[in-house]
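Dear colleague,

Please find below the structure that I am handing over to you.

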Amino acid sequence: MRFLPFILANLLRKKVRTALTIGSFAVALFLFGILLVVRGAFRQGIEVAGADRLVVLNKTSLIQPLPIAYRERIQRIPGVKDLTFSSWFGGVYQDERNFFPQFAIDPPSQLRVYPEYVVPEGQWGAFVADRQGAVAGADTARRFGWKVGDRIPIQGTIFAGTWQFNLRGIYQGKRPEDDRIQFWFHHDYLEENRQWGKGLVGWYVVKIESPDQAARIAKAIDERFANSPYETKTDTEKAFAASFVKQTGNIELLILAIGGVVFFTLLLVTGNTMAIAVRERVGEMATLKAIGFTDRFLLLLVLGESLLISLAGAVLGLGACKLFTLGGDPTRGLLAIFYLSPEAMAAGLGLAVFVGTCAGLLPALSAMRLRVVDALRRV
Amino acid sequence: MAPPAGSGDGSPLIRVRDVDKTYRRGSEEIHVLQGLSLDVAAGDFIAFMGPSGSGKTTLLNLLGGLDVPSRGSIAVAGDELTRMSAHKLTEWRARHVGFVFQMYNLIPVLTAFQNVELPLLLTRLSKARRRQHVEAALALVGLGDRMRHYPRQLSGGQEQRVAIARAVVADPTFLLCDEPTGDLDRKSAEEILDLLGRLSREHGKTILMVTHDPVAARRARVVLHLDKGVLVEAAQGAAAP
C-alpha cells in the first residue's frame, strides 16, 4: 500500500492517455456486460429449468397440440409426481410491438409445478375465482402500467376476436433470473371461447419424483403414446429450453466472437499504452534501480499500473452496464430477462484482470530487464 | 598495475584492486579501465577528473554496484561486490550508496518530499519515522519550505539539492556524485559544492565525485586524474587538511 501513491502519480502524469485507456476498458466491459445479459436472456430458460421437470410436446412439431385426455394417462405413469399444461395464445396488446408471451394455463396445478413463481395468496385466490382473470409478470405489469383490477383487452391472432381479461394478480420470481414477463389466464376460458382446437393443449409439463428417473420416465411417456395420432416427444425442461435457443442461432459463438475481437483489440491498445509509458520512463526506472529498487519491484510497478487501469475501466464499464440493465429490457419484451448477474460482473472483473495483466506483462518484463548503466546514459 | 591511490589513512572503506573493465563493440574490445587499484578511507572526499572516455563514470558505476568489473575486485566495508548476485547488489546499493546525478534524476510526478522519501520506502521505517527523516534531509539541504513542490516548480540548483537530500536520507555509507554541477550555473554550482563540502566536513560523509570542472574538483580533499582507464595522477584538493 505504501507504493499506491507512487502508482497513482505515474498514472496521472498523462491524464488524457490514462483516461482514454480506462475509457477503452469501460466501453469494452460495458459491451461485455450487455453481451452476457443478452446471452443470459437467451439461456434464461436453460439456466432456470427445473431438473425435476419434463416437457411433453407433440412429436411432429412444437406448434402441434396434444389431447387434454393425455393428462390422466401421463399422471398414471410411475415416477410422475404432478403435471400441468399450457397453450400458446399469441395475442396482441394494443400494438404488435408490445410483445409478451401469453399462456392459457391450468390454475390449480400451475404453482405446484412452478414453485419459483410467487403470487400473493389473495391475488391468486381472486384469479382462480374469476374465469376471465389473468396474472401478469411484474415486469410486464410495470411496462404497461397495469394494476390489479385493470381490464386488459388482447386481440387474438391464433384465436380470433378481442379477448377481455381482468388482471387479478402479479407474479414475481423467487430468483433474480426468473422471468417476470408472462401473462397467464384460465385454459378453461380459452377452451370455452375458441372456435377450433377444443380438447387440445399446447404441451404438458411433468414434475417427476427424482431427476435421476428423467430418462426412464420420458421414454415411458413417449412409448405410451407411440403409434397414436398424437405421438409425443418428451425431454427434460433444460433440453427443451436449449433446443429452443438453438433455433435462434448460435448465440454463444456470436458472443464469443464479438467478445474475443473486442478484448484482443483492448489487449493491443493497453499493451501499446503501457509500452509507451515504460519507454518514456526508462531514465526514471533506471534511477529507481540505482537507488535500490529491485527488478521485481519494477515488474510489479508496471503490472500494478496496468491492473489499476483495467480495474478502473472494468468498474466503470460494468457499473454503467448494471445501471443500464436496471432500466429494464430496452427491446420491448424480446429479452425475457435483462439482468446482469453478480457472476457475470465477477467474470467481467476477472477478464479485465487477465487482459490488464497480459497487456502489462511485456512492458513490465522490459522494465525488469532494464540495464541501469545503459539506461542512465540515455537520461 | 597502478599503485593504490587515495588518502590511505588506516583501513580503507573502499578497496579496489586490479580492476579491468572491457566492453565489446562488434569484434573490437574497448578497455575502459585497466588494472586500476584504489583505496578510499571513510570520510574521504575524492574528485575524479579526466577527459571524456577516460573511464570516470565507469569507475563510479563499478563502485556503486551498478556494473561489474571484467577482472579484479572491489570491496566496500568488507563486502566483496564482485561476488554478489544482481539482486544482492541492488539491496546493497539501497543500504550503502547515495547517488547524485548530473541531471538530478528526480521523479517528475512526485513532490520533493516524495522524491526524498523513495529510498526510505525500501526500509521498514514507519510513516511517521520516514516523515522525520525526510524533513531532516530537506532541512539539511535548505529546502524545508519546498517539500510540497514538484521538480518542475524548482530551479536546477534546488532540484540538485533535493537529489542530494534523497542521496543522504537513508544515511548511506558513501555518496557517488556524477558531475553534480555539470548542469548548473556557477552560483548554483557553488551552493551544491558548499553543501557537499559541509556533508563531508560536518557529517563525515565519504564522497566520490566525478567532474570536468577544476573549480569543483578543488573542493575535494583528493583529486585523482584518470586517463585511458588508468589512474595517472593524484593531487591534494583545497579541502585537504
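In what order do the four strands of the open sheet in chain B lie? The model is a predicted one, and in it the order is β2-β1-β4-β5, with antiparallel pairing. The edges are held by β2 (28-40) and β5 (79-80) of chain B; each has a single partner strand, so one side of each is left without a neighbour in the sheet. Strand β1 (residues 14-25) of chain B runs antiparallel to strand β4 (residues 71-76) of chain B, and five bridges join the two. Arg15(B), for its part, has Ala75(B) as its bridge partner in β4(B).

Chain B also contains a helix pair that may interest you. Helix α5 (residues 156-168) of chain B packs against helix α6 (residues 186-203) of chain B at an angle of about 20 degrees, their axes being 9 Å apart. Because angles under 35 degrees count as roughly parallel, α5(B) is roughly parallel to α6(B). The crossing of α5(B) with α6(B) is right-handed. Among the residues making this contact are Ile164(B) and Val168(B) of α5(B), and Leu195(B) and Leu199(B) of α6(B). By class, the contact comprises five nonpolar, four polar and two charged residues.

Finally, I turn to the contact between the chains. Chain A and chain B each contribute 18 residues. On the side of chain A that touches chain B, two or more residues come from each of α1 (4-11), α11 (282-290) and α14 (372-377) of chain A. The largest share, five residues, is given by α11(A). This side of chain A divides into nine nonpolar, five polar and four charged residues.

With kind regards

Conventions. Residues are numbered from 1 along each chain as its sequence is written. Chains are lettered from A and ligands numbered from 1 in the order in which they are written. This is a predicted model: local features need pLDDT of at least 70, side-chain atom pairs count only at pLDDT 80 or more; totals for chains, interfaces and linings use all residues. Axes are lines fitted to C-alpha atoms, for helices over the stretch in contact, and angles run from 0 to 180 degrees between N-to-C directions. Angles under 35 degrees count as roughly parallel, over 145 as roughly antiparallel, 65 to 115 as roughly perpendicular and the rest as oblique. A crossing is left-handed if the near helix is turned anticlockwise from the far one by less than a right angle, and right-handed if clockwise. Two residues are in contact if their C-beta atoms, placed from the backbone, lie within 7 Å. Ala, Val, Leu, Ile, Met, Phe, Trp, Tyr, Cys and Pro count as nonpolar, Asp, Glu, Lys and Arg as charged, and the others, Gly among them, as polar. Two strands pair if DSSP finds at least two bridges between them.
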